Amino acid sequence: MGRETEIGKYVRTQIALLAKDDRALEQSSSKAHLAQLRRGVGKMPGEIPELWGVFLKELPEELMGKGGEPSYAEWAIYTALTLFALHQQGHAEPMNAEGEDDHLGRAMRKLVQNEEDEENVRMKFSIAARSDDAAELSYHLKMLVKLLSNSGIKLDYVDLAKDLYGFQFEKSADRIRLKWGQDFYRSKKSKDNEGEK
């Protein structure tokens, strides 16, 4: 099993524990864990000791960093889970939805209602995509997730975690950026084609 697959599996499991359905979201333990995770948005993995158990518990050994430095996998998992907790705030149903229609680029496209929206959303999205490192990307993704949350648009956090992992490697960062752009514009073409039928 490849690293990205393991990361996706772990994030899927953690989100299912927190927000599998409406009932899980109503449990006080889920609410407490989501609140703890929200405190970690934009911070370094490990910076808030209260979060160790929330994102490190049962993390496969091969995904863990050593010597106090977060591994690329830990960064991806931590960022995806904290952003999910931010996105989930104020919603009674799970805001994670797996599938191509909910990948980051397509989710961002759902914010577009007219030409003016398209330019504003595209600009914010491209600023995030131009990030130089994981910390900068995390900061910009926080803003994008708030936009999605305010509009009630779900996001595939399993896929996002995989993208966040790949983004940290020079050889795959541009591939991830292109995927986001393709998804953003592919959704537009799909909607335009539906209208022609």
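**Aromatic pairs**

I counted the aromatic pairs first, and the structure holds eight of them. Rings of Phe, Tyr and Trp (its six-membered ring) pair if their centres lie within 6.5 Å; planes under 30 degrees apart count as stacked, over 60 as edge-to-face and the rest as tilted.

I looked up Tyr 72 and Phe 169. Their ring centres are 4.7 Å apart and their planes stand at 80°, so this pair is edge-to-face. Tyr 72 belongs to helix α5 (residues 72-88), while Phe 169 is in the loop between α9 (157-167) and α10 (170-196), so the pair ties together parts that are 97 residues apart in sequence. Helices (H or I, at least four residues) and strands (E, at least two) are DSSP runs, numbered from the N terminus.

Tyr 72 is partly exposed, with a relative accessible area of 42%. Phe 169 also counts as partly exposed, at 24% relative accessibility. Buried means under 20% relative accessible area, exposed over 50%, and partly exposed in between (1.4 Å probe, protein chains only).

My next pair was Phe 84 and Tyr 157. The ring centres are 5.5 Å apart and the planes are at 75°, so this pair is edge-to-face. It links distant parts of the chain, with Phe 84 in helix α5 and Tyr 157 in helix α9, 73 residues apart. Both Phe 84 and Tyr 157 are buried.

I also found one aromatic cluster formed by Phe 125, Phe 167, Trp 180, Phe 184 and Tyr 185. Over the ring of Phe 184 sits the charged end of Arg 109, 4.2 Å from the ring centre. For this, NZ of Lys or CZ of Arg must be within 6 Å of the ring centre and within 35 degrees of the ring normal.

**Basis of the model**

I noted that this is a predicted model: local features need pLDDT of at least 70, side-chain atom pairs count only at pLDDT 80 or more, and totals for chains, interfaces and linings use all residues. Residues are numbered from 1 along each chain as its sequence is written, and side-chain values use heavy atoms, with hydrogens and water left out.

**The whole chain**

How many helices and strands does the chain have? I found 10 helices and zero strands. The radius of gyration is 16 Å, close to the 16 Å that the globule rule gives for 197 residues, so the chain is as compact as a globular protein of that length. That radius is taken over C-alpha atoms, and the globule rule is 2.2 Å times the number of residues to the power 0.38. The C-alpha atoms fill a box of roughly 55 × 40 × 30 Å, taken along the principal axes. Of the 197 residues, 47% count as buried.

**Two buried residues**

I picked Ser 138, which lies in helix α8 (residues 134-150). Ser 138 counts as buried at 6% relative accessibility. Leaving aside residues up to four places away in sequence, Ser 138 touches Gly 42 and Thr 79. Contact means heavy atoms within 4.5 Å.

At 12% relative accessibility, His 103 counts as buried. What does His 103 touch, not counting residues up to four places away in sequence? I listed Leu 155, Asp 156, Asp 159, Lys 179 and Asp 183.
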